[in-house]
Amino acid sequence: MNFIIRLLITAATAYVLSMILSGVHIDSYITALIFAFVLALLNTFLKPLLILLTLPITIVTIGLFLFVINALIIIIADKFIDGIRVDGFLWALLFSLILSVFSSATDAAMKENK
C-alpha cells in the first residue's frame, strides 16, 4: 500500500513541477503516473548499478555525484516515455533535486504518522 501511495505522490509532484519548471514538460497526470512507475523501476534496478560503477568518483566528490546519477535516471526515464520531455541536463538535475526533497519530506511524514 505504501508503494502505491508513494507512486501517486511522486506522480503528483512531478506533474506539478512540470507546470512550474519551464524545462520539464509532462503531458498529463496519467503520463506522470507512468513516469513515477518507470522511475521506481529504474531506481530499483539501474541506480544501484550506476552507484557501484561510479563509486570512486562518488567518494571523491563526497557523495555529490549521486545528484548527477539522479539526473541521469530522470533523463533515461524521459527517453522511455513519450509524453515527457526534459530540455537538458540542468533541468533534469533541478527536477530531480526538488523531486527528491519532496519525496523525502513525504516519506518522513508518512513514517511519523505510523
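## The largest cavity

The residues that line the largest cavity divide into seven nonpolar, no polar and one charged, where Ala, Val, Leu, Ile, Met, Phe, Trp, Tyr, Cys and Pro count as nonpolar, Asp, Glu, Lys and Arg as charged, and the others, Gly among them, as polar. This is a predicted model, in which local features need pLDDT of at least 70 and side-chain atom pairs count only at pLDDT 80 or more, while totals for chains, interfaces and linings use all residues. Residues are numbered from 1 along each chain as its sequence is written, and side-chain values use heavy atoms, with hydrogens and water left out.

The lining of this cavity is formed by Val24, Ile26, Phe35, Ile74, Asp78, Ile84, Val86 and Phe95, and strand 1 (24-26), helix 5 and strand 2 (84-86) each supply at least two of its residues. Helices (H or I, at least four residues) and strands (E, at least two) are DSSP runs, numbered from the N terminus. The volume of the largest cavity is about 40 Å³, and the count comes to one cavity of 30 Å³ or more. On a 1 Å grid over the protein atoms alone, a cavity is a set of points where a 1.4 Å probe fits but cannot get out, whereas a pocket is an open set with protein on both sides within 12 Å along at least five of seven lines; lining residues have an atom within 4 Å of a point. Grid points are joined across faces, edges and corners, and a volume is the space filled by probe spheres set on the points.

## The largest pocket

The largest pocket has a volume of about 550 Å³, and of the 21 residues that line it, Thr10, Leu39, Asn43, Ser103 and Asp107 are the closest to its centre. Helix 1 (2-20), helix 2, helix 5 and helix 6 (89-113) each supply at least two residues of this lining, with helix 6 giving the most, seven residues. By class, the lining of the largest pocket has nine nonpolar, nine polar and three charged residues.

Helix 1 and helix 2 pack at an angle of about 120°, with their axes 8 Å apart; axes are lines fitted to C-alpha atoms, for helices over the stretch in contact, and angles run from 0 to 180 degrees between N-to-C directions. The two helices, helix 1 and helix 2, are therefore oblique to each other, since angles under 35 degrees count as roughly parallel, over 145 as roughly antiparallel, 65 to 115 as roughly perpendicular and the rest as oblique. The contact of helix 1 with helix 2 divides into 15 nonpolar, one polar and no charged residues.

The axes of helix 2 (residues 29-45) and helix 5 (residues 65-80) come within 10 Å and cross at roughly 130°, so that helix 2 and helix 5 are likewise oblique to each other. Their contact is made by Phe35, Val38, Leu39, Leu42 and Asn43 of helix 2 and Ile73, Ile74, Ile76, Ala77 and Phe80 of helix 5, and by class it has nine nonpolar, one polar and no charged residues.

## Helix 5 against helix 6

Helix 5 and helix 6 pack at an angle of about 105°, with their axes 8 Å apart, and are therefore roughly perpendicular to each other. The contact includes Phe67, Asn70 and Ile74 of helix 5 and Phe89, Phe95 and Ser100 of helix 6, and by class it has 12 nonpolar, three polar and no charged residues.

Conventions: Contact means heavy atoms within 4.5 Å.
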